[in-house]
Amino acid sequence: MSFNINATNIYLRKGPENVFNRVQQWATFARQWWLFDAKNQDPFQTAYHIRPYLNGKTKPLFSPQTDCGDHVVIVNSKHIALEGDLWERIEFYHNTGYTKGVSWTPAWKLHQDDPTEFLRRQIKKKFKCTQLRALYMSRCHIFPEEEVPEEIMRNVTGQIRRITEVPKKLADYSEEERENFPRVFQFPKGFVLRPNTGYKP
């Protein structure tokens, strides 16, 4: 028994449903470029926030065995924020394999030498130790400031929302906003503030 099936009619069928979904299919399989501003952001929360974009969990065709992630461009990694005294408490272990080759590097020293290494290590720790981890990290582009090469910014098509909003500084407020801001206490008109010269009985 033989079947005569025209494969051209099957794979090249131009129905309305196939035509309208074609662009959506291309966007799903293509690698997009995302931009993330790490200024005043927690590096530990940032690593969890960036991971789904690098391994492709934001796409409907995700599979743990496939490499379908996107590119992520991170700027202002020099201005990340840690709470409390974590800059002094966190240390990174390194062993050269030789005698007396063990060293512990504080987080502030590592960040001072390379402003991108601390955030890069936190993102790398969020992936399992497989062969795909190197491919995920190869699509993570970290820059210490806002200066990004033009050939990279030309590919950016979307922006990842920040985890924590950056608070405004006092210099960023206008004079009108400062005057209209509700005051907790206001000196009476004509009050003269004298310096404290000490106790006089």
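Modeller: Start with α4, which passes α7 in a right-handed crossing. Right-handed means the near helix is turned clockwise from the far one by less than a right angle, and left-handed means anticlockwise. Helices here are DSSP runs (H or I, at least four residues), strands are E runs of at least two, and both are numbered from the N terminus.

Biologist: Is this an experimental model or a predicted one?
Modeller: This is a predicted model: local features need pLDDT of at least 70, side-chain atom pairs count only at pLDDT 80 or more, and totals for chains, interfaces and linings use all residues. Residues are numbered from 1 along each chain as its sequence is written, and side-chain values use heavy atoms, with hydrogens and water left out.

Biologist: Back to the helices. At what angle do α4 and α7 pack?
Modeller: About 60°, with their axes 8 Å apart. Axes are lines fitted to C-alpha atoms, for helices over the stretch in contact, and angles run from 0 to 180 degrees between N-to-C directions.

Biologist: What do you call that arrangement of α4 and α7?
Modeller: α4 is oblique to α7. Under 35 degrees counts as roughly parallel, over 145 as roughly antiparallel, 65 to 115 as roughly perpendicular, and the rest as oblique.

Biologist: New topic. How many salt bridges does the structure hold?
Modeller: It holds 10. Each is a side-chain nitrogen of Lys or Arg within 4 Å of a carboxyl oxygen of Asp or Glu. One of them joins Asp37 and Arg162 at 2.8 Å, N to O. That pair links distant parts of the chain, 125 residues apart: Asp37 is in strand β1, and Arg162 is in the loop between β6 and α10.

Biologist: Is Asp37 buried or exposed?
Modeller: Asp37 counts as buried because its relative accessibility is 12%. Arg162 has 27%, so it is partly exposed. Buried means under 20% relative accessible area, exposed over 50%, and partly exposed in between (1.4 Å probe, protein chains only).

Biologist: And what about Lys59 and Asp70?
Modeller: Their side chains also meet in a salt bridge, at 2.8 Å, N to O. Both residues sit in the loop between α4 and β2, 11 residues apart.

Biologist: Last one. Where is Val184 found?
Modeller: In the segment after α10. Val184 counts as exposed because its relative accessibility is 87%.
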